[in-house]
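Biologist: I'd like a close look at a single part of this one. Could you walk me through it slowly?

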Amino acid sequence: MPPTSARPTGLRTRLRALAREAGKFGAVGGVAFAVDLLIFNLLLNAGSETLTAKTCSTIVATTLAFAGNRFWTWRHGDHTHLARQYTTFFVLNAIGLGIALACLAISHYGLGQIWPALQSPLADNIAGQLVGTAAGTIFRFWSYRKFVFRATVVPAEVPRTGSVTSPSPGPQ
């Protein structure tokens, strides 16, 4: 019986495609993260309250991320209902924002009551921007792939050995 190489090749192909997709998602996210970080710190330095600054910076970064992911990362995905897609993206991003805000609130308002150093801008950046964004990003990647930018291409079926029937030469 000859070894079947279709399965490992299919797995490698899927892993490569996933890696490319994650790379594009990461590039879009990196730009959005930089915008989020910049706006967050500008608002903090302008005297905005911590959670308000994070919420505003995230809304701007999310709009940028939606455009990048829709038109680059998942450009071949299902794009038939823009309003539904945009709404779903923002709802899922709001959950990601909730994850980041929870990390920031626990650090700033919870642990900051015990250790005042955790109420500093540096601690806020670590809790909200690094820890919160990392946890939210994992959720976002999964949920955007699953609910927002679903693939429209159905993978081709690999014929099973012995199940492919060839036309038999019959009377002509």
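Biologist: Let's start with one side chain and work outwards: is Phe66 buried or exposed?

Modeller: Keep in mind that this is a predicted model. Phe66 is buried, with a relative accessible area of 5%. Now for its surroundings. Phe66 belongs to helix H2, and 20 residues away, in helix H3, is Tyr86, so the aromatic pair they form links distant parts of the chain. The pair is edge-to-face, with 4.8 Å from centre to centre and 85° between the planes; it counts as edge-to-face because that angle is over 60 degrees. Tyr86, for its part, is partly exposed, at 35% relative accessibility.

Next come Phe89 and Phe90, which make another edge-to-face pair, at 5.9 Å between centres and 65° between planes. Phe89 is buried at 0% relative accessible area, while Phe90 comes out as partly exposed at 24%. Overall, the count is 15 aromatic pairs.

Zooming out to the helices: H2 covers residues 50-73 and H3 covers residues 82-110, and they pack at about 145° with axes 10 Å apart. Their crossing is right-handed. On the H2 side, the contact residues include Leu51, Thr58, Thr62, Phe66 and Arg70, and on the H3 side they include Gln85, Tyr86, Phe89, Phe90 and Leu97. Sorted by class, this H2 and H3 contact has twelve nonpolar, nine polar and two charged residues.

Key
Residues numbered from 1 in each chain as written. Predicted model: local features only at pLDDT ≥ 70, side-chain atom pairs only at ≥ 80, totals over all residues. Heavy atoms only, no water. Axes fitted to C-alpha atoms, helices over the stretch in contact; angles between N-to-C directions. Helix = DSSP H or I, 4+ residues; strand = E, 2+ residues; numbered from the N terminus. Left-handed = near helix turned anticlockwise from the far one by under 90°. Contact = heavy atoms within 4.5 Å. Nonpolar A, V, L, I, M, F, W, Y, C, P; charged D, E, K, R; others polar. Phe/Tyr/Trp six-rings, centres within 6.5 Å; stacked < 30°, edge-to-face > 60°. Buried < 20%, exposed > 50% of the residue type's maximum accessible area, 1.4 Å probe, protein only.
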